[in-house]
Amino acid sequence: MSEENAGRSSRRFRLAAAAAAATLTIAACGGGSSGSSASSEPAPLPPGVAPTASEAARFLTQSTFGPTDASIERVRRIGYPAWIEEQFALPATPHLAYVQAHYDPAISGQNFNWLQDSFWQQALTAPDQLRQRVKFALSQILVVSAENGTIASLADSHASYVDLLGEHAFGNYRQLLEAVATHPAMGIYLTHLRNRKGDPVTGRVPDENFAREVMQLFSIGLLELNPDGTARLVNGAPVESYTNADTSGIARVF
């Protein structure tokens, strides 16, 4: 990857990460507990405390795929934290079952359409809207793309991968990275599937593609940053987050 392309990739990562962080921050204000019961009706907020319709709509625009009259009224009635707790308690709506129900190996090139169908159905109608929104944000960072012909032909594997992001949407990022790294779809897309260990006799080295991307795109990025997001400088030059030695070492892990 050229330095110019790497820079563009890094910028895309940071923009997507900012979007995901904004969504996750909304989720975090509810305390992150998934133990609350959705069947326990929260008390309505007293007058003067409840958000306005405009405020509720703005909140839902950030935390779902779009407000409805019913969701606006729900947020106004119970408030932001209680609505988030309700969302945490809802089970994940999966893609895989829908894709498998329609999957036809005879037309493998068209099977990705079923995942697209499932995505739009969930975006429009799934009750676990906060999870769907966070799952989508994560899919823009931890990318597995159907532009890869093998992934496009394995729509069930791709659906399983996107469902994995949903399962970890409200969890720990370290655990999410491990789950992503060990999913077959990522192994295909970033080429560490069947990666062979190095051989000093023949000079073979492990595939470094995923090792590089997991640092560059999925976690720390190319450059060390200041708290305000600007590049940290030493003697006027930006400081790289990792070296080629780090890439080679992590490649040996995979």
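Predicted model: local features only at pLDDT ≥ 70, side-chain atom pairs only at ≥ 80, totals over all residues.
Biologist: Is H158 buried or exposed?

Modeller: H158 is buried, as its relative accessible area is 6%. Residues are numbered from 1 along each chain as its sequence is written, and side-chain values use heavy atoms, with hydrogens and water left out.

Biologist: Which residues does H158 touch, not counting residues up to four places away in sequence?

Modeller: From its place in helix α9, H158 touches F112, L115, V144, S145, A146 and I151. Contact means heavy atoms within 4.5 Å, and helices (H or I, at least four residues) and strands (E, at least two) are DSSP runs, numbered from the N terminus.

Biologist: Where is Q121, and what is its relative accessible area?

Modeller: Q121 is in helix α6, residues 112–125, and is partly exposed at 39%. Beyond its neighbours within four places in sequence, Q121 contacts Y98 and A126.

Biologist: Now a whole helix. How many residues of α7 are buried?

Modeller: In α7 (residues 129–139), 9 of the 11 residues are buried, so the helix is largely enclosed by the rest of the structure. The buried set is Q129, L130, R131, Q132, V134, K135, A137, L138 and S139.

Biologist: Which residues touch the most other members in the largest nonpolar core?

Modeller: As a general idea, nonpolar side chains tend to be buried together in soluble globular proteins. A core here is a set of buried Ala, Val, Leu, Ile, Met, Phe, Trp, Tyr and Cys residues joined through side-chain atoms within 4.5 Å. The largest one has 36 residues, and W83, L142, Y161, V180, M186 and F218 touch the most other members. Helices that each supply at least two residues include α2, α3, α9 and α11, while α10 gives the largest share, 5 residues.

Biologist: What does W83 contact, leaving aside neighbours within four places in sequence?

Modeller: F59, L60, S63, T64, R74, V75, I78 and L130 are the contacts of W83.

Biologist: How do α2 and α4 pack, and at what angle?

Modeller: The axes of α2 (residues 53–63) and α4 (residues 80–89) lie 12 Å apart at an angle of about 30 degrees. Angles under 35 degrees count as roughly parallel, and therefore α2 and α4 are roughly parallel to each other. On the α2 side, E55, A56, F59, L60 and S63 make the contact, and on the α4 side Y80, W83 and I84 do.

Biologist: Which residues have a positive phi without being glycine?

Modeller: R194 is one of them, with phi near 60 degrees. R194 is in the loop between α11 and α12 and is exposed at 72% relative accessible area. N235 is another, with phi near 55 degrees. N235 lies in the loop between β1 (233–234) and β2 (237–238) and is exposed too, at 82%.

Methods
Axes fitted to C-alpha atoms, helices over the stretch in contact; angles between N-to-C directions. Parallel < 35°, antiparallel > 145°, perpendicular 65-115°, else oblique. Buried < 20%, exposed > 50% of the residue type's maximum accessible area, 1.4 Å probe, protein only.
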